Amino acid sequence: MALLFPQFALLSVDLIRPVGRSVRVHARGRAPGAECPGCARWSGRVHSGYERRVGDAAVSGQELVLHLRVRRFFCDNDDCGRRTFAEQIPGLTFRYGRCTVPLRKLRETVALALGGRAGARLAEHLSVGIGRDALIRLIRALPDPDTGRVRVLGVDDFALRKGHNYGTVLIDIEGRRHVEVLPERSADALAAWLTEHPGVEVVCRDRAAYYADGATRGAGTATQVADRFHLWMNLGEATERLVARLRSQWAPPAPEKEKVVLPEGRLARRTRERHAAVHALMEKGMGHNQIVAELGLDPKTARKFMRASIAEQLIGAGPTGGRQTSLDGHAAYLIARFNEGCTSADRLQRELAERGLTVSECAVRRFVHRLRDIAKPTIRPPVPKVREVTRLFLTHPDNRPEAGRVLMKELRGRCRELDDACDLIERFASMLVHRRGREELEQWAADAETSRLPELRGFAIGLRKDWDAVMAGLSLHWNSGAVEGHVNRIKTLKRQMFGRAKLDLLRKRVLLAP
């Protein structure tokens, strides 16, 4: 019993019986007396007794209920305000508790890990059933953890309601644990907390002005460290604006559209071929009858070809050399307008009407469709997107694919400003990775401020406004990586809690959840 049920070590078990889906254990305390909870004086004088039922952790998947025979003792201390008190089993029961201490700890663990609804479903499977509202009340009743001394503090914001309300999470960077959750994102809230908790030596933060002000007011002697990830993200935003502005310079020029030339019709081609064949035979000295027999032509047709000195005398006046149409004399105008980019049949018909030609819309539409069929589709060279080029600029040269390296070389050759920007970005990346801010940051900022790149000039000017924190971020090994991880964890907790993620409940889960 002591091995399987250590919580019963201080009990005398009288009876164990099954009742439905539960196991009932009838027991009583072994101690001859108890200490008064008011004055801690021992008493062995029994006043009365009663039966108390408390739930315990499940046994073999079955609910376990303890029927405890509890005694009430007199308190013999005249100075104590209590006259009688009920005994408690150490490590098993507590005042007004309907469950044992181990069961309460189990339920608290489930509540902190899963919240209300999900925790209630798991508790039902564990045969320690409890409602979702009761689990939430358990979380709210838990005491806050001890803050302790924090030497390196991480600060970041998180959304209570995205776009509207934000809070602040404080992290012990060395211990990788939550310290506090503040209900607002402001300098006053951070300064007040730092004033109440002295001893902070390093504050890791993003580049928000309110956190810089709060850290200065609350811990003026602490070293503020601007997070390297946020510095790189700010540089990436400036680079994207730069690439977008210079897109017209690095993007390959669009190919010129080929002009449409209306090809000669089938009848015109056949006429030219027959005229050439007839005159070739005439040059050989053949007469009319011989040409008719050789080519199989009608005598009248052969005579017509023999009389024409050039083939154009036999070809019609239509736009394709065929029979005449209502568009004769205007085909060249229509083709020129089509090559200029006007491909609307309605508009072309109105322009012909302004030129004094009355022609049906169907005739113009058929002509335009012929031109569209003849026109070759223009194949534009692939143009990389702005974000693709930005990603190439922000990627380590050794990690760029071969196609990316070729593209980078072409872009830098086309645009001198991109070439200068790439050099500055690579220098900043090397300084950030190797933490050589004290040796290189001043020169880099000066070069960026004197460059022809307004985006990088603005980034450098922004660094000047938070110079000490930026210098520490590019020199010390501290960063806000742990803070970002905890912010993601807060997002997960908010999604678990559906609509019940109020600040007091969320704060308890953030601070106490394992």
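**Notes on salt bridges and the core**

1. Arg400 is buried, at a relative accessible area of 9%, where buried means under 20% relative accessible area, exposed over 50% and partly exposed in between (1.4 Å probe, protein chains only). The side chain of Arg400 meets that of Glu426 in a salt bridge (3.8 Å, N to O), a term for a side-chain nitrogen of Lys or Arg within 4 Å of a carboxyl oxygen of Asp or Glu. The two lie 26 residues apart, Arg400 in the loop between H14 and H15 and Glu426 in helix H16; Glu426 is partly exposed, at 30%.

2. This is a predicted model, in which local features need pLDDT of at least 70 and side-chain atom pairs count only at pLDDT 80 or more, while totals for chains, interfaces and linings use all residues. Residues are numbered from 1 along each chain as its sequence is written, and side-chain values use heavy atoms, with hydrogens and water left out.

3. Asp157 and Arg185 also form a salt bridge (2.8 Å, N to O). Because Asp157 lies in strand S8 and Arg185 in the loop between strand S10 and helix H4, the pair ties together parts that are 28 residues apart in sequence. Asp157 counts as buried at 17% relative accessibility, whereas Arg185 counts as partly exposed at 31%.

4. The largest nonpolar core has 38 residues, the term meaning a set of buried Ala, Val, Leu, Ile, Met, Phe, Trp, Tyr and Cys residues joined through side-chain atoms within 4.5 Å. Among the members that touch the most others are Trp250, Phe428 and Trp444, and helix H16 gives the largest share, 8 residues.

How values were computed. Helix = DSSP H or I, 4+ residues; strand = E, 2+ residues; numbered from the N terminus.
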